[in-house]
Amino acid sequence: MAHIEPLIDAHEAAQILRLHPVTVREMAARREIPGLKIGKVWRFRASSLDAWVNSRLELLGHPRSPQSEER
């Protein structure tokens, strides 16, 4: 059976991204960050947010972090 990664809410996503939860919800609504709206609530996968940050850093020419290279 496949492992299902738990979904996190906008507050937890905001802590990961160091943003305000309202900003996270607005960015998700504009499809700037990966998220899923279930009813009125936004949910996120921490791994998807990490991949998004890494892709943004690569676009800007920054090297990957040692932690992300281990995965």
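Leu-36 lies in strand β2, where strands (E, at least two residues) and helices (H or I, at least four) are DSSP runs numbered from the N terminus. This is a predicted model, in which local features need pLDDT of at least 70 and side-chain atom pairs count only at pLDDT 80 or more, while totals for chains, interfaces and linings use all residues. Residues are numbered from 1 along each chain as its sequence is written, and side-chain values use heavy atoms, with hydrogens and water left out.

At 45% relative accessibility, Leu-36 counts as partly exposed. Buried means under 20% relative accessible area, exposed means over 50%, and partly exposed lies in between (1.4 Å probe, protein chains only). Together with Leu-7 and Ile-38, Leu-36 forms a nonpolar patch on the surface, with about 260 Å² of accessible area in total. Such areas come from the Shrake-Rupley method with a 1.4 Å probe, and for residues only the protein chains shown count as cover. Patches are made of residues with over 30% relative accessible area and no salt bridge; like charges are joined within 9 Å, and nonpolar side chains (Val, Leu, Ile, Met, Phe, Trp, Tyr) within 5 Å.

## The buried side of helix α2

Helix α2 spans residues 21-29, and Pro-21, Val-24, Met-27 and Ala-28 are buried in it. These residues lie on the same side of α2, because they cover an arc of only 125° around the axis. The arc is that of the directions from the helix axis to the C-beta atoms. An α-helix has 3.6 residues a turn, so residues three or four places apart point the same way.

The cover over the buried residues of α2 includes α1 (10-17), β3 (41-44) and α3 (46-59).

## The nonpolar core

The largest nonpolar core has 12 residues, among them Ile-8, Leu-17, Val-24, Met-27, Trp-42 and Phe-44. The elements that give two or more residues to this core are α1, α2 and β3, and α1 gives the most, with four residues. A nonpolar core is a set of buried Ala, Val, Leu, Ile, Met, Phe, Trp, Tyr and Cys residues joined through side-chain atoms within 4.5 Å.

Residues up to four places away in sequence not being counted, Phe-44 touches Pro-6, Ala-13, Val-24, Gly-35 and Leu-49, including others such as Ile-33. Contact means heavy atoms within 4.5 Å.

## Glu-32 and the salt bridge

A search of the whole structure finds one salt bridge. The side chains of Glu-32 and Arg-30 meet in a salt bridge, at 2.6 Å from N to O. A salt bridge is a side-chain nitrogen of Lys or Arg within 4 Å of a carboxyl oxygen of Asp or Glu. Side chains of opposite charge can pair when their charged atoms come close.

Glu-32 lies in the loop between α2 and β2 and is partly exposed, at 36% relative accessibility. Leaving aside neighbours within four places in sequence, Glu-32 is in contact with Met-27 and Trp-52. Glu-32 and Trp-52 are 20 residues apart in sequence, and their C-alpha atoms are 9.3 Å apart in space.

## Two residues with positive phi

Most residues other than glycine have a negative phi. Arg-18 is not a glycine, yet has a positive phi of about 55°. Arg-18 is placed in the loop between α1 and α2 and is exposed, with a relative accessible area of 75%.

Arg-31, which follows α2, also has a positive phi, near 60°, and is a residue other than glycine. Arg-31 lies in the loop between α2 and β2 (36-38) and counts as exposed, at 76% relative accessibility.
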